[in-house]
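Colleague: I'm new to this, and I'd like to learn how to read a protein model piece by piece. Could you walk me through one?

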Amino acid sequence: MKNREYQQIDPQALATPPPDHTSRRLRRKWEVFPGKNRFCCEGRIIAARQSGVLPLTLALILLTSGLFFIFDCPYLVQNLTGCIPAIGGVLFVFVMVSLLQTSFTDPGILPRATPEEAADVEKQIDNPTGSSSSYRPPPRTKEVVINQQVVKLKYCFTCKIFRPPRTSHCSLCDNCVERFDHHCPWVGNCVGKRNYRFFYAFIVSLSFLTTFIFACATTHLALRSRGGNGLVIALQESPASALELVVCFFSVWSILGLSGFHTYLVAANLTTNEDIKGSWSGKSGGEDVGNPYSYNSIIKNCCSVLCGPMPPSLIDRRGFVPSDDSVQTSPVEIQLPAAKNDKNMCTQGTKGLLETASRSPLLTSSCPQAKPQAMPAVLETLPEIVPSPEPHPPKTTGGRQSTNTPHKHHSHHRSKAKQTTHHTHKTSNSSPRPYHSHSSRRKDSKNRDPKFSSLR
Amino acid sequence: MAETHSLQDLRQAAVTSKVFVQRDYTSGTICKFQTKFPAELESRMDKQQFEETIQTLNNLYAEAEKLGGRSYLEGCLACLTAYTIFLCMETHYEKVLKKIAKYIQEQNEKIYAPLGLLLTDPIERGLRVVEITIFEDRSIGSR
């Protein structure tokens with residue numbers, strides 16, 4: 001037997017497990033992403049968790065285009081010209097590529113603040129006012145002057161940051177999105193800074209495609225009925241064209257209207273969010289309020305929005321999660337703000353709980369259009385129910401204001417989506433019809449504004 | 001005078017605190033950081049040096065986001081190829097980001113690490129802040 005020296009085993013060391021960084025698999029950031037997103041292909045493709053009506057959009061486009069290529073093209077190639085399927089093909093490819101890019105591109109999601117950052121921001125908020133125990137918490141807004149315009153930056157409770165200008169928090173995706181335009185259920189994703197050009201390309205090419213198919217189907221039927229047979233016989237011979245006509249007729253109005261609306265937005269360098277809220281329309285102030293982001297030149301606005309440099313994705317989906325070996329700096333400081341803001345966080349936390357409770361049955365639903373009808377009602381009553389103990393707390397106005405409008409967006413989108421279950425046509429989410437609802441919404445926001453402005 | 005540290009030494013040192021240099025939105029939504037010298041760094045480094053670093057970073061980001069002939073050409077080309085060109089080509093912005101990463105590493109090695117500070121690339125914080133980590137100065141006999 002060998003003589004060995006045995007080292008005294010320290011029971012303390014045994015109690016705490018040794019750090020096993022090497023044995024634990026390094027996770028990628030997309031696996032621990034806090035927002036409501038789905039990732040495919042190891043994080044290369046991102047989509048919103050609720051795909052919305054995207055399958056319906058795809059089905060309609062594929063069906064109509066398929067019918068066009070199978071039934072209309074052969075006849076038209078024989079009797080007119082061979083360019084027709086070529087043009088149709090190019091348009092179809094453009095539509096599909098831009099749709100997929102809109103749906104699966106990161107719209108400009110802002111990553112949430114690290115704990116140290118959040119603590120630093122909390123310190124900055126509480127210090128100036130000095131009121132830590134008053135009933136009325138400090139207003140969570142910061143003012144900044146951009147191009148001689150005063151712009152209010154709101155604090156996002158979920159992401160724990162002061163939102164940059166033009167950024168809004170999407171409650172469906174639970175992310176702050178830069179240059180937030182709207183959440184589009186047709187595309188199943190938010191439309192923001194990074195994918196707005198794809199969205200615009202999609203709706204413009206789709207308007208061309210639907211107009212083209214409509215024209216071709218009409219020409220086809222006209223040519224068929226010209227041979228003395230009449231329209232009815234022509235329809236009987238080619239029922240597919242009739243279906244195409246119906247789909248395209250109803251789509252063309254909404255899609256063309258939507259394209260026109262977004263062309264206006266691009267030329268004015270506005271987002272749908274700003275247009276609906278009437279941020280720069282000057283109606284609320286009465287003074288000369290203009291868009292501080294506009295270059296005051298239509299061409300420059302268009303170029304900057306559509307052809308500007310493509311910003312990178314900030315969420316670094318495929319990066320590795322750093323192993324937790326960084327020492328926590330000043331843990332006491334981190335706890336203090338949490339205690340102070342218990343009241344604030346409580347309301348937000350309760351709201352979050354209620355939201356997830358109302359949403360959980362929906363995650364497994366196969367029909368996203370019908371079920372979410374209950375949701376907007378629940379969600380829209382939430383801001384009313386939750387802060388009732390504190391009368392109109394200003395600290396939630398920041399959260400409320402921003403989340404209310406997306407709710408309005410969502411309920412508007414979903415009510416439109418519900419209508420499509422009854423009709424075969426596609427209705428858009430912000431289209432000629434909304435010219436009425438925009439003005440009504442502006443009135444709504446105006447009515448709400450005086451309440452909040454007094455609290456600000 | 002503080003003992004100089006190398007970047008490797010810093011990794012073993014304890015973190016005292018972190019300073020966050022916030023974004024400056026007065027020029028709009030372009031990426032620009034405030035050049036105001038944080039109070040916590042007053043004892044550690046020269047104000048001039050700090051401002052120079054931040055200003056260079058701002059200039060680099062401005063170059064990335066510049067609207068000019070080159071970005072328009074890139075945008076139009078991308079549009080014509082149905083944006084599939086982004087799959088194969090690196091955008092101008094990404095090229096400048098690499099330049100920025102190199103610059104920050106250089107600054108860390110030459111200037112900040114010897115002072116016990118570490119700059120974090122803003123892209124790792126979502127372009128929201130420039131995070132400066134202040135390491136505990138353990139060297140005996142310094143200050």
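Colleague: Which residues of chain B does UniProt list for "domain: Golgin subfamily A member 7/ERF4"?

Modeller: The record, an unreviewed entry, lists residues 19-131 of chain B for it. Keep in mind that what you're looking at is a predicted model. In that model, the end C-alpha atoms of the span lie 6 Å apart, and the span is 49% helix and 10% strand.

Colleague: Okay, and how do I read the strands in chain B?

Modeller: Look at who pairs with whom. Here you'll find an open sheet of 3 strands in the order E1-E3-E2 of chain B, with antiparallel pairing. Strand E1 (15-22) and strand E2 (117-120) of chain B sit at the edges with a single partner strand each, so one side of each has no neighbour in the sheet. On average, neighbouring strands of this sheet are turned by 20° against each other, direction ignored.

Colleague: How many bridges join E1(B) and strand E3 of chain B?

Modeller: There are 7 bridges, in the antiparallel sense, and strand E3 covers residues 129-135. To see one for yourself, find B:Lys18: its bridge partner in E3(B) is B:Thr133.

Colleague: Let's move to chain A. What is it built from?

Modeller: Chain A has 14 helices and 10 strands. Of its 456 residues, 51% count as buried. Its accessible surface comes to about 22,200 Å², and 61% of that belongs to carbon and sulfur atoms. If you take contacts in chain A between residues at least 6 apart in sequence, 71% of them join residues at least 24 apart.

Colleague: Why does A:Gly43 count as buried?

Modeller: Its relative accessibility is 1%, and buried means under 20%.

Colleague: How should I read a sheet in chain A?

Modeller: Start with the general idea: in a regular strand the side chains alternate between the two faces of the sheet. Now the case here: an open sheet of 3 strands runs in the order E4-E5-E6 of chain A, with antiparallel pairing. E4 and E6 of chain A are at the edges, each with a single partner strand, so one side of each is left without a neighbour in the sheet. As for E5(A), 6 of its 8 residues are buried.

Colleague: Which residues stand opposite each other there?

Modeller: E4(A) and E5(A) pair in the antiparallel sense over 6 bridges. A:Val145 stands opposite A:Val150 in E5(A), and A:Val144 stands opposite A:Val151.

Colleague: What's a nonpolar core, and where do I find one?

Modeller: The general idea is that in soluble globular proteins, nonpolar side chains tend to be buried together. In this model the largest nonpolar core has 45 residues, and A:Ile61, A:Phe199 and A:Phe202 touch the most other members. Among the elements giving two or more residues to this core are helix H2 (54-79), strand E4 (141-146) and helix H5 (196-226) of chain A. H5(A) gives the most, with 11 residues.

Colleague: What is A:Phe199 in contact with, leaving aside its neighbours within four places in sequence?

Modeller: Its contacts include A:Thr102, A:His182, A:Leu258 and A:His262. Apart from this core lies another, of 35 residues, among them A:Ala113, B:Phe37, B:Tyr93 and B:Ile111.

Colleague: Last one: where does UniProt place the feature "transmembrane region"?

Modeller: In an unreviewed entry, UniProt places it at residues 53-71, 77-100 and 198-223 of chain A. In the model, residues 53-71 are 95% helix, with end C-alpha atoms 27 Å apart. Residues 77-100 are 88% helix, and their end C-alpha atoms lie 30 Å apart.

Methods: Residues numbered from 1 in each chain as written. Chains lettered and ligands numbered in written order. Predicted model: local features only at pLDDT ≥ 70, side-chain atom pairs only at ≥ 80, totals over all residues. Heavy atoms only, no water. Core = buried A, V, L, I, M, F, W, Y, C linked by side-chain atoms within 4.5 Å. Buried < 20%, exposed > 50% of the residue type's maximum accessible area, 1.4 Å probe, protein only. Helix = DSSP H or I, 4+ residues; strand = E, 2+ residues; numbered from the N terminus. Contact = heavy atoms within 4.5 Å. Pairing = 2+ DSSP bridges. Axes fitted to C-alpha atoms, helices over the stretch in contact; angles between N-to-C directions. Areas by Shrake-Rupley, 256 points an atom, 1.4 Å probe, with all protein chains shown as cover. UniProt positions renumbered as here; feature names shortened; annotations may be inferred.
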